[in-house]
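Have a look at the structure first.

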Amino acid sequence: METVTLNNGMQMPVLGFGTYQIESVNTKKAVKQAINAGYRLIDTAQYYGNEAGVGQAVKESGISRDQFLKMGKETRSFKDVMNCPNFLSFRSHG
């Protein structure tokens, strides 16, 4: 799989496997198939409700966890974002 080098030196695959709208009962099988096809970047989110299946597929793949990059999103309220130190720091400088 082709990768790009990020500013911090980390290698990121240019193509990822998205799990949005995959029902939780089907997630593990779908992610296993993606891993077998060569995907190492898995996109998921707390909102999707299928993170457990992603984790199980990665664990059962037999491939070292450090070979994967998981893109995740957390559900947060506006209040949580406003109280985030990085957000406040960014706002104060800009």
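This is a predicted model: local features need pLDDT of at least 70, side-chain atom pairs count only at pLDDT 80 or more; totals for chains, interfaces and linings use all residues.

The protein chain holds 4 helices and 5 strands. Read from the N terminus, the order of elements is β-β-β-α-β-α-β-α-α.

The accessible surface of the chain is about 6,900 Å², and carbon and sulfur atoms hold 51% of that. If you look at contacts with a separation of 6 or more, 58% of them join residues 24 or more positions apart.

Now for the helix pair. Two packed helices are described by the angle between their axes and the distance between the axes. For α1 and α2, the angle is about 45 degrees and the axes lie 8 Å apart. The crossing of α1 past α2 is right-handed.

Which residues meet where α1 contacts α2? Here are both sides:

| Helix | Span | Residues in the contact |
|---|---|---|
| α1 | residues 24-36 | Thr27, Lys28, Val31, Lys32, Ile35 |
| α2 | residues 51-60 | Gly53, Val54, Gln56, Ala57, Val58, Glu60 |

By type, the residues of this contact between α1 and α2 split into 5 nonpolar, 3 polar and 3 charged. The charged ones include Lys28 and Lys32 from α1 and Glu60 from α2.

Notes. Residues are numbered from 1 along each chain as its sequence is written. Side-chain values use heavy atoms; hydrogens and water are left out. Helices (H or I, at least four residues) and strands (E, at least two) are DSSP runs, numbered from the N terminus. Contact means heavy atoms within 4.5 Å. Accessible areas come from the Shrake-Rupley method with a 1.4 Å probe; for residues, only the protein chains shown count as cover. Axes are lines fitted to C-alpha atoms, for helices over the stretch in contact, and angles run from 0 to 180 degrees between N-to-C directions. A crossing is left-handed if the near helix is turned anticlockwise from the far one by less than a right angle, and right-handed if clockwise.
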